[in-house]
Amino acid sequence: MFKQMLALLVVLGMGTTPAQATAPLFLSPAMDLAGKAFTPERLEGRYTCVIVANRENADAAAKVGQELVYNFSSNRNFAFVTVADLRGVPDFAHGLATTMIEEQLTAARAQLKERFRQNGRVYEPGLWVYIPDWEGTVTLDLLKASPLAEYWIFDRELTQLARFERGAIERNQKTLRSRVQFFILDRKGKIKHHFQDVGAASTVIATLRVLAQALK
């Protein structure tokens with residue numbers, strides 16, 4: 001009877017999975033571009049907006065990231081984290097890839113600083129962290145913890161499935177991983193909101209504005 005009740009709670013979303021018990025952003029070890037460990041302490045209890053991008057959609061995601069930082073960087077209740085899904089980049093190319101990313105970030109910050117200057121504002125970048133996800137594990141942890149129904153497929157154990165079913169799920173996983181993801185995490189790192197694609201930028205901004213007002 002107990003097992004049946006437990007199974008029912010999990011189906012209803014009331015059970016506690018490992019991804020729910022631990023903040024998904026910190027389930028897998030991660031380091032920033034400088035090689036510094038990314039830990040919960042670095043966020044200092046802030047609400048966090050996480051952008052997940054890959055090599056194909058990185059430029060579009062970066063533009064949204066700049067817009068978010070421009071609108072909210074002075075609010076010390078918020079932190080901004082970019083997780084770059086860099087699976088497939090060979091180990092020997094990590095150094096070159098890191099250099100290229102750093103150059104792009106330097107250029108992006110210069111553009112932001114100029115935008116602040118032109119609008120008579122002081123450049124206050126706040127907490128803005130870039131995580132190169134070489135193994136794709138940080139990305140996967142976030143996707144597994146998504147509150148959106150279609151992301152249940154990332155929790156499936158594929159090894160026991162028939163080839164056809166496994167292939168279908170893998171294709172769906174690939175499609176979902178190809179999208180730009182926006183996660184808004186609460187102070188404890190739990191996902192409050194999950195939005196998809198760069199077209200959701202205005203919704204993300206509106207959500208953060210509501211949150212900012214509530215924090216006043």
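Biologist: Leaving aside its neighbours within four places in sequence, with which residues is Arg46 in contact?

Modeller: This is a predicted model, in which local features need pLDDT of at least 70 and side-chain atom pairs count only at pLDDT 80 or more, while totals for chains, interfaces and linings use all residues. Residues are numbered from 1 along each chain as its sequence is written, and side-chain values use heavy atoms, with hydrogens and water left out. Contact means heavy atoms within 4.5 Å. With neighbours within four places in sequence set aside, the contacts of Arg46 are Arg76, Asn77, Phe78, Ala79, Leu127, Asp186 and Arg187.

Biologist: Is Arg46 buried or exposed?

Modeller: Arg46 belongs to the loop between α2 (18-21) and β1 (47-54); helices (H or I, at least four residues) and strands (E, at least two) are DSSP runs, numbered from the N terminus. Buried means under 20% relative accessible area, exposed over 50%, and partly exposed in between, with a 1.4 Å probe and protein chains only. The relative accessible area of Arg46 is 12%, so this residue is buried.

Biologist: Which side chain does a polar contact of 3.0 Å join to that of Arg46?

Modeller: A polar contact is a pair of N or O atoms within 3.5 Å; within protein, one must be able to donate a hydrogen and the other to accept it, and residues adjacent in sequence count only if both atoms are side-chain atoms. The side chain of Arg46 reaches the backbone oxygen of Arg76 at 3.1 Å. The side-chain partner at 3.0 Å is Glu44.

Biologist: What is the phi of Glu44?

Modeller: Glu44 lies in the loop between α2 and β1, and its relative accessibility of 60% means that it counts as exposed. Glu44 is a residue other than glycine with a positive phi, near 50°.

Biologist: What distance separates the C-alpha atoms of Asn77 and Arg46?

Modeller: Asn77 is found in the loop between α3 (58-72) and β2 (78-85). Its relative accessible area is 26%, so Asn77 is partly exposed. Along the chain, Asn77 and Arg46 are 31 residues apart, yet their C-alpha atoms are separated by 5.0 Å.

Biologist: How many aromatic pairs does the structure hold?

Modeller: Rings of Phe, Tyr and Trp (its six-membered ring) pair if their centres lie within 6.5 Å; planes under 30 degrees apart count as stacked, over 60 as edge-to-face and the rest as tilted. The number of aromatic pairs in the structure is 5.

Biologist: What is the angle between the planes of Phe26 and Phe38?

Modeller: Both Phe26 and Phe38 lie in the loop between α2 and β1, so their pair ties together parts that are 12 residues apart in sequence. Phe26 is buried at 18% relative accessibility, and Phe38 is buried at 6%. The pair is stacked, with 5.2 Å centre to centre and a plane angle of 20°.

Biologist: Why is the pair of Phe116 and Tyr123 edge-to-face?

Modeller: Phe116 is buried at 1% relative accessibility, whereas Tyr123 is partly exposed at 23%. Ring pairs link these two residues and Tyr70 into a cluster. The centres of Phe116 and Tyr123 are 5.5 Å apart, and the pair is edge-to-face because the planes are at 70°.

Biologist: Over the ring of which residue does the charged end of Arg109 sit?

Modeller: A charge sits over a ring if NZ of Lys or CZ of Arg is within 6 Å of the ring centre and within 35 degrees of the ring normal. Arg121 lies over the face of Tyr70, at 4.4 Å from the ring centre. For Arg109, the distance to the ring centre is 5.2 Å, and the ring is that of Trp128.
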